[in-house]
Amino acid sequence: MRRREQPREVPAYLATGGRTRPRQELPDLLTRLVWARAETDGGLDPPQQALLDVVKGGSLTLADAGAYLRLPPAAIRVLTCDLLELDLIQVVVPAVRSDISLLENVLNGLRNLKDTA
């Protein structure tokens, strides 16, 4: 029998103070959140502190943070922007995907090398 998950203690809209959009756009769910510093003036809201705690000492993706905190990505984006403005975390944008035509040219070159050998 599958164990039923407990409902979220705080609704997502309360975790963000009612805000639905971040102040700046974060590219996607693979954006990496990196812990920057620990000193806070103690003025963080509990959801902001929870996000800082899951990132503390390392890094994880925006999607992973949402899974740990059981909050939707939109709420994590709002909280991430709050912590970014306080310089408590940094974000690392995922690498741009490779151009498929470049990969095809490399593959064709490798095939040509194989045929001449």
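Okay, quick ground rules. We're looking at a predicted model, where local features need pLDDT of at least 70, side-chain atom pairs count only at pLDDT 80 or more, and totals for chains, interfaces and linings use all residues. Numbering runs from 1 along each chain as its sequence is written, and side-chain values use heavy atoms, with hydrogens and water left out.

So, α4 first. Helices here are DSSP runs of H or I with at least four residues, strands are runs of E with at least two, and both are numbered from the N terminus. α4 covers residues 73-85, 13 residues, and spans 18 Å from first C-alpha to last, close to the 18 Å expected; that expected span is 1.5 Å times one less than the number of residues.

How many of the 13 residues in α4 are buried? It's 10, where buried means under 20% relative accessible area with a 1.4 Å probe, protein chains only. Among them are R77 and D82, along with I76, V78 and L79. The buried residues pack against α1, β1, α2, α3 and β3. After the helix comes D87, with a positive phi near 60°.

Now T61, over in strand β2, residues 59-61. T61 is buried too, at 9% relative accessible area. Leaving aside neighbours within four places in sequence, T61 is in contact (heavy atoms within 4.5 Å) with L29, L30, T31 and R32.

There's also a side-chain polar contact from T61 to D64, at 3.0 Å. Polar contact means a pair of N or O atoms within 3.5 Å; within protein, one must be able to donate a hydrogen and the other to accept it, and residues adjacent in sequence count only if both atoms are side-chain atoms.

Technical notes: Buried means under 20% relative accessible area, exposed over 50%, partly exposed in between (1.4 Å probe, protein chains only).
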